[in-house]
Amino acid sequence: MKRILLVASHLLVGGIGFALGIYALPILTQPQSPAMHEVQSVTNNALYTGTFQRDRQDSDFLHWGEGSVSISDDHIGFVGKLAPGPDYKLYLSPQFIETEQAFLQHKHTMVQIGDVKTFDRFSLPIPESVETANYNTVIVWCETFGQFITSARYK
C-alpha cells in the first residue's frame, strides 16, 4: 500500500509539473514584444478597431484575451493581454466567431494572418492579397490544441 501511494504521489506531482511546464514555456520562450511606438503607429493609422474581451462564449480561465485591436492598411496591432499559450494564430473571419465549433465550421472562409508569439502586444503584417474590408472579425486561435482564445468584431 505504501508503494502505491508513493507511486501515485510521484505521478501526481509529475503531472502537475508537466502541466505547469506547458503553461510556463510560452511565457519563458516568447520573443520581445514589438516596441510600443510600432503598435501605436498601427493604432494611429487604423481603418478599423475592435476589442478582445474575456467573456467570449468559449473563453475560459486558461484561454482568453482582453485589449484593443487595430487594423491599418498593412498591419494588425494589439495592445492588452492574452492568456499565454503555444502556437497562437491570428485569423480574419467574414463573420463573428466566439466558439471552437463555429471556428472549425467556418475556418475555410477565414484567412490566417500570422503567428502570435507575444502576449501583451503584437503587430503583424497583413499579406497584400488580403482585403480587410471583406472580413469583420479578428480571432486568436491555438492551433496545437484546437482552442478558441478570443475574438473581436471590427465592423
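1. Before anything else, a polar contact here is a pair of N or O atoms within 3.5 Å, where one must be able to donate a hydrogen and the other to accept it. Keep that in mind for Thr118, whose side chain reaches the backbone oxygen of Arg121 at 2.5 Å. And remember while reading on that this is a predicted model.

2. Now the overall picture. The protein chain carries three helices and eight strands, and going from the N terminus the order is α-α-β-β-β-β-α-β-β-β-β. Its C-alpha trace spans about 65 × 35 × 25 Å along the principal axes. If you look at contacts between residues at least 6 apart in sequence, 66% of them join residues at least 24 apart.

3. On burial and surface: of the 155 residues in the protein chain, 41% are buried. The accessible surface is about 8,800 Å², and carbon and sulfur atoms account for 57% of that. As for charge, there are 11 positive and 15 negative charges, and their mean positions sit 11 Å apart.

4. Back to Thr118, which lies in the loop between strand 5 (111-116) and strand 6 (121-125). Setting aside residues up to four places away in sequence, Thr118 touches Gln30, Pro31, Gln32, Ser33, Pro34 and Leu82.

5. Ser129 is another loop residue, placed between strand 6 and strand 7 (137-142). Here the relative accessible area is 71%, and exposed means over 50%, so Ser129 is exposed. If you want a distance to check in your viewer, take Ser129 and Leu47: the two are 82 residues apart in sequence, and their C-alpha atoms are 17 Å apart in space.

6. Arg56 is the one I'd ask you to look at. You'll find Arg56 in the loop between strand 1 (48-52) and strand 2 (65-71). What is the nearest side chain of opposite charge to Arg56, and how far away is it? That would be Asp55, at 4.5 Å.

7. Arg56 does have a polar partner, though: its side chain makes a polar contact with the side chain of Gln53, at 3.1 Å. Leaving out neighbours within four places in sequence, Arg56 is in contact with Thr51, Phe96, Glu98, Phe148, Thr150, Ser151 and Ala152.

Terms used
Residues numbered from 1 in each chain as written. Predicted model: local features only at pLDDT ≥ 70, side-chain atom pairs only at ≥ 80, totals over all residues. Heavy atoms only, no water. Helix = DSSP H or I, 4+ residues; strand = E, 2+ residues; numbered from the N terminus. Buried < 20%, exposed > 50% of the residue type's maximum accessible area, 1.4 Å probe, protein only. Contact = heavy atoms within 4.5 Å. Areas by Shrake-Rupley, 256 points an atom, 1.4 Å probe, with all protein chains shown as cover. Lys, Arg positive; Asp, Glu negative; His and termini not counted. Charge placed at Lys NZ, Arg CZ, Asp CG, Glu CD. Salt bridge = Lys/Arg side-chain N within 4 Å of Asp/Glu carboxyl O.
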